[in-house]
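My notes follow in the order in which I checked things.

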Amino acid sequence: MVLWLFGTFCVLLLIGTPIAASLGLAAVVTIIMGGIRMNMVVVAQTLFAGMTSYQLMAIPLFILCGNLMGDGGLSKKLVDFINLFFRRFKGGMAYVTIAASAFFAAISGSSPATTAAIGGIMAPEMQKNGYDEDFSLATAAAAGTLGQIIPPSVGMVSYAVLAEVSVGTLFLTGFGPGLLMAVLMMAYAHMYVKNHDITVTAEKVTAKEAIATFFGSIWALIMPLIILGGIYSGIFTPTESGAIACVYGLVCGKWIYKNLKWSDIPRILVNTAVGAGTIMLILGSVQCFSVVLTRGHIPQLVADAMLSVTTNKYILLLLFNILLLFAGMFLNAVSAIALFTPILLPVLKSVGVDPYLVGIVMIVNLGIGMITPPVGNCLYVACGMSKNMSFEQISKACMPYIIALTIALLLITYVEPIAMGLVWLLGAK
C-alpha cells in the first residue's frame, strides 16, 4: 500500500502532473490497487469536504486583500513611511525593503505577493542608488519570505485546519520568528553594504515631511491593526477579518489613494480565484490522501520507524527540519504542509513537541523554500523583475540570506520562547 501511494505520487510529480492531481490520483490508485474498501462516491465527498471548512474561507479573502493592497497603492505608502526611519543609514534601502516586507506581510499572507508588491517598488530604487542588481533582487526575494511567517498567513490557515488547532493561536507564534528573521536579514545587508560603495544621498527628514508622510500612510498602517486587532480582541474571526480587510482595501485603493480603477477589479478577482482555487484543490485532494494514509495505518508505521531510531525530541526536530528544507526545494508551501502534517505531526506530538511549535517550524522551513531552487516561488517573482539577471544569478545572491534564515530556523526550533512566548503570555490555546 505504501509503495502504491507514494510510488504513484512521485511518478505523477516527475512527469509534471499538478500537485493537486498527483495527490488525488495517488489516493485513487491506492484504493483500487491496494484493496482498500472505499466507494468512489465517498472519495468525491471527501474531496469536497476538504475544501469546505469555514476557516479555509480566510484563504481567498487574504489573497484578495493582498492583491487589492498591491494594486491600490497601499504598499507604496508603507514603503514611504518606513523610508523615514532608515533612509539616512548606509544600506538604508535594503533595510526599508526588509522592514516594509514585514509590514506588508501582516496584510497579504503570501510570500510571492510580498516580493512582488515591495520588491517591485524597492528593487529598481536600490539599483539607482548603487546596489548591485543581483543583491537588490535577492533582498526582495528573501524579504518576501516574511509574507508566510508574519500573520495572517495562508500557510498557517492551511496547517491549522489540517492539524485541528486554533488559527488565532497559531498566528501568535509568527511574530517572534518573523522579527528574528527580519533582524538577521538586516544583519547580512549591513555586512554587505560595509564592503560595497553605497552612497547615502537622502536628506535629513524634516518634521513637516514626517507629518505629511505619516498622514498620507495612515490608512495603510491601520490595515494590520484591523486584521489582527479584530481577531485578538474577539470582535471577529480570522475569516471575518479577511472579508473586512478586503472591503477596507477596496475603499482605500479606489476612493482614498485613487490608484484602483473599476477596470482593474476583474483582473484582480481572476488572479485571486486562480491562486485560491489551486490551494483549495490541493487541500481537497490531500483530504483523500490522508484518508488512505489513515486506512493504511501509514502515520503509525512512520511514527514507529522514527521512534525506533530515537525518541529524543531534539534529534527528531532536527530530522524534521532537514526533511522539510529538502521538501521545500521541490514543493510549494501549501502542498508540503498538506502532505507532511498528517504524517509527521503525530510523531512529534508523541515525544512532547507542542503542535503550535510544529506548525511554525514547518512554516519557517517552507518559507526558506521560497528562495531555494529549483522551485523557489519568490525567486521566480524576483527574476521576473529583471531583464538582465538569470534565475541562477539571483539564486546565488540569495545564498547568504538562506544561511541567515537557516540560523533563525534553528533558534526558533530550539529556543521555544521565540515562537511560543506570546502564546504562553496570553494563555492562548
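I take helices as DSSP runs of type H or I with at least four residues, numbered from the N terminus. The model is predicted.

Entry 1, positive phi. Glu 164 is not a glycine, yet its phi is positive, about 60 degrees. I placed Glu 164 in the loop between helix 10 and helix 11, the latter being residues 167–172. Is Glu 164 buried or exposed? I count Glu 164 as exposed, because its relative accessibility is 72% and the cut-off for exposed is over 50%.

Lys 258 also turned up, with a positive phi near 60 degrees in a residue other than glycine. I found Lys 258 in the loop between helix 14 and helix 15, where helix 15 covers 264–295. Its relative accessible area is 64%, so I noted Lys 258 as exposed.

I noted a cis bond from Pro 151 to Pro 152, with omega near 0 degrees. Pro 152 sits in the loop between helix 9 (146–149) and helix 10. I noted another cis peptide bond joining Pro 373 and Pro 374, where omega is about 5 degrees. Pro 374 belongs to the loop between helix 19 and helix 20 (377–383).

Two packed helices are described by the angle between their axes and the distance between the axes. For helix 4 (residues 58–72) and helix 14 (residues 238–256) I read an angle of about 20 degrees and axes 8 Å apart. On the side of helix 4, I listed Ala 58, Leu 61, Phe 62, Leu 64, Cys 65, Leu 68 and Gly 72 as making the contact. Helix 14 contributes residues including Pro 238, Thr 239, Ser 241, Cys 246, Leu 250 and Gly 253. I sorted the contact residues by type and got eleven nonpolar, six polar and no charged.

A disulfide is a covalent bond between the sulfur atoms of two cysteines. How many disulfides does the rule give? I count zero disulfides. Cys 246 is in none; its nearest cysteine sulfur is that of Cys 65, 5.3 Å away, whereas the cut-off is within 2.5 Å. Cys 246 has a relative accessible area of 7% and is buried. For Cys 288, the closest cysteine sulfur is in Cys 10, 18 Å away, which is too far for a bond. I noted Cys 288 as buried too, at a relative accessible area of 6%.

The axes of helix 10 (residues 154–163) and helix 19 (residues 355–368) come within 10 Å and cross at roughly 140 degrees. Helix 10 makes the contact through Gly 155, Met 156 and Tyr 159. From helix 19 I listed Pro 355, Val 358, Gly 359, Ile 360, Met 362 and Ile 363. By type, the residues of this contact are seven nonpolar, two polar and no charged.

I followed Ile 360, which lies in helix 19 and is buried at a relative accessible area of 0%. Leaving out residues up to four places away in sequence, Ile 360 touches Ile 149, Met 156, Leu 170, Thr 173, Gly 174, Pro 177 and Ala 419. Ile 412 is 52 residues from Ile 360 in sequence, and the two are 8.5 Å apart in space, C-alpha to C-alpha.

I then took Val 358, also placed in helix 19 and buried, with a relative accessible area of 1%. With the residues up to four places away again left out, Val 358 touches Tyr 159, Phe 320, Leu 345, Leu 348 and Val 353. Val 358 and Leu 348 are ten residues apart in sequence, with 7.6 Å between their C-alpha atoms.

I placed Ser 75 in helix 5 (residues 74–86). Ser 75 is buried, with a relative accessible area of 3%. Its contacts, not counting residues up to four places away in sequence, are Met 69, Gly 70, Phe 104, Ala 117, Ile 118 and Ile 121.

Key
Residues numbered from 1 in each chain as written. Predicted model: local features only at pLDDT ≥ 70, side-chain atom pairs only at ≥ 80, totals over all residues. Heavy atoms only, no water. Axes fitted to C-alpha atoms, helices over the stretch in contact; angles between N-to-C directions. Helix = DSSP H or I, 4+ residues; strand = E, 2+ residues; numbered from the N terminus. Contact = heavy atoms within 4.5 Å. Nonpolar A, V, L, I, M, F, W, Y, C, P; charged D, E, K, R; others polar. Buried < 20%, exposed > 50% of the residue type's maximum accessible area, 1.4 Å probe, protein only.
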